[in-house]
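Here are some exercises to work through with the model open beside you. Try each task before reading its solution.

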Amino acid sequence: MKSKILNLVLILTSLIGYLEWGDNQMFLAEMEVDVLSKLIKDPMSVLHPLTILPLIGQLFLLITLFQKTPSKILTYFGIGGIGVLFLIMLIVGIISKNIWISISVLPFLITAILTIMHHRKKQF
């Protein structure tokens, strides 16, 4: 049960990432709605690794919520897919000295570390 809760928290925290560029700012949840609507209308316009990988990662984590025993492999792939974007966002936040971007990725990264620790502890 703890694995499912951690995976749900991973999905939820992946939606609160925050980006700013120019005069624009958005949470990833808003961007995801935008990407999904464009994916239906014009799939080629959103085909980019930094849009597709996190979506696939979220899909993997969502699948684990419906499994009797959540798959470690799908969980790791889900963390990896979303984690790529969040690590890039963390680097961007640090380089640009934007504290809000840096802080917004911490809940996901902390939950990802706790989830990995939980799965590794179950192995031994």
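**Exercise 1.** Find what covers the buried residues of helix 3.

Solution. Start with the model itself: it is predicted, so local features need pLDDT of at least 70 and side-chain atom pairs count only at pLDDT 80 or more, while totals for chains, interfaces and linings use all residues. Residues are numbered from 1 along each chain as its sequence is written, and side-chain values use heavy atoms, leaving out hydrogens and water.

Next, list the buried residues (under 20% relative accessible area, 1.4 Å probe, protein chains only). In helix 3 these are Pro 54, Leu 55, Gly 57, Gln 58, Leu 61 and Thr 64. Finally, look for contacts (heavy atoms within 4.5 Å): the cover includes helix 1 (2-14), helix 2 and helix 4. Helices here are DSSP runs of H or I, at least four residues, numbered from the N terminus.

**Exercise 2.** Describe the contact of helix 3 with helix 4 by residue class.

Solution. For the sorting, Ala, Val, Leu, Ile, Met, Phe, Trp, Tyr, Cys and Pro are nonpolar, Asp, Glu, Lys and Arg charged, and the others, Gly among them, polar.

**Exercise 3.** Locate the salt bridge and say how exposed Asp 34 is.

Solution. Look for a Lys or Arg side-chain nitrogen within 4 Å of an Asp or Glu carboxyl oxygen. That rule gives one salt bridge, joining Asp 34 and Lys 38 at 3.6 Å, N to O. Both lie in helix 2 (residues 28-41), four residues and about one helical turn apart.

Definitions and conventions
Helix = DSSP H or I, 4+ residues; strand = E, 2+ residues; numbered from the N terminus. Buried < 20%, exposed > 50% of the residue type's maximum accessible area, 1.4 Å probe, protein only.
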